[in-house]
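Look at the sequence and the model shown here.

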Amino acid sequence: MAPISIDATDDVVTLANVFTVTPETQQRLVELLGRATEEVMRHRPGFVSANIHAGLDGTRVANYAQWRSVEDFRAALEDPVVREHIDEITTFATADPQLYRVVSTHHS
């Protein structure tokens, strides 16, 4: 597997989805997102990568994912198998998904 990179010259769309959870349910969400990504999302057309981040205070989980196009991302959301995972997650977490394009990156 190639390492994941973020580059402003890549022709991709970026999903930054920040979930709000309780500290008691943060690990459950991390596990569900990981399983959904491995079993479902990465097999959908246009999927590039996903990274899951657990907030240090226990109340946030961020999913940073890249897709080849907005259309590929939206098509994945319409997939009934994907919807099952989303529906389960929304029973205990709130989400704030937004689509972005990378405009610059900076390295040491």
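I52 counts as partly exposed, at 31% relative accessibility; in this scale buried means under 20% relative accessible area, exposed means over 50%, and partly exposed lies in between, with a 1.4 Å probe and protein chains only. The model is a predicted one, in which local features need pLDDT of at least 70, side-chain atom pairs count only at pLDDT 80 or more, and totals for chains, interfaces and linings use all residues. Residues are numbered from 1 along each chain as its sequence is written, and side-chain values use heavy atoms, with hydrogens and water left out.

I52 belongs to strand β2. Strands here are DSSP runs of E with at least two residues, helices are runs of H or I with at least four, and both are numbered from the N terminus. Setting aside neighbours within four places in sequence, I52 has contacts with V30, L33, G34, T37, V61, A62 and N63, where contact means heavy atoms within 4.5 Å. E31 is 21 residues away from I52 along the chain, and the C-alpha atoms of the two are separated by 9.6 Å.

Which strands pair with β1? Strand β1 (residues 13-20) pairs with strand β3 (residues 60-67) in the antiparallel sense over eight bridges. Within this pairing, N17 has N63 in β3 as its bridge partner, and T14 stands opposite Q66 in β3. β1 also pairs with strand β4 (residues 94-100), again in the antiparallel sense, over seven bridges. There, V18 has D96 in β4 as its bridge partner.

Next come the helices. The axes of helix α1 (residues 26-39) and helix α3 (residues 80-89) come within 11 Å and cross at roughly 175°. Axes are lines fitted to C-alpha atoms, for helices over the stretch in contact, and angles run from 0 to 180 degrees between N-to-C directions. That crossing makes α1 roughly antiparallel to α3, on a scale where angles under 35 degrees count as roughly parallel, over 145 as roughly antiparallel, 65 to 115 as roughly perpendicular and the rest as oblique. On the α1 side the contact involves R28, L29, L32, L33 and A36, and on the α3 side H85, E88 and I89. By class, the residues of this contact are five nonpolar, one polar and two charged. Ala, Val, Leu, Ile, Met, Phe, Trp, Tyr, Cys and Pro count as nonpolar, Asp, Glu, Lys and Arg as charged, and the others, Gly among them, as polar.

How do α2 and α3 lie to each other, parallel or perpendicular? Their axes come within 5 Å and cross at roughly 75°, which makes α2 roughly perpendicular to α3. A76, L77 and E78 of α2 meet P80, V82, R83 and I86 of α3. This contact of α2 with α3 has five nonpolar, no polar and two charged residues.

R44 forms one with D79, with the closest N and O atoms 2.8 Å apart. This pair links distant parts of the chain, 35 residues apart: R44 is in the loop between α1 and β2, and D79 in the loop between α2 and α3. R44 and D79 are both buried. E38 forms a salt bridge with R42, the closest N and O atoms being 3.2 Å apart. E38 is partly exposed, with a relative accessible area of 45%, and R42 is partly exposed at 43%. R83 and D87 meet through their side chains in a salt bridge at 3.5 Å, N to O. R83 and D87 are four residues apart in helix α3, so about one helical turn separates them.

Conventions: Pairing = 2+ DSSP bridges. Salt bridge = Lys/Arg side-chain N within 4 Å of Asp/Glu carboxyl O.
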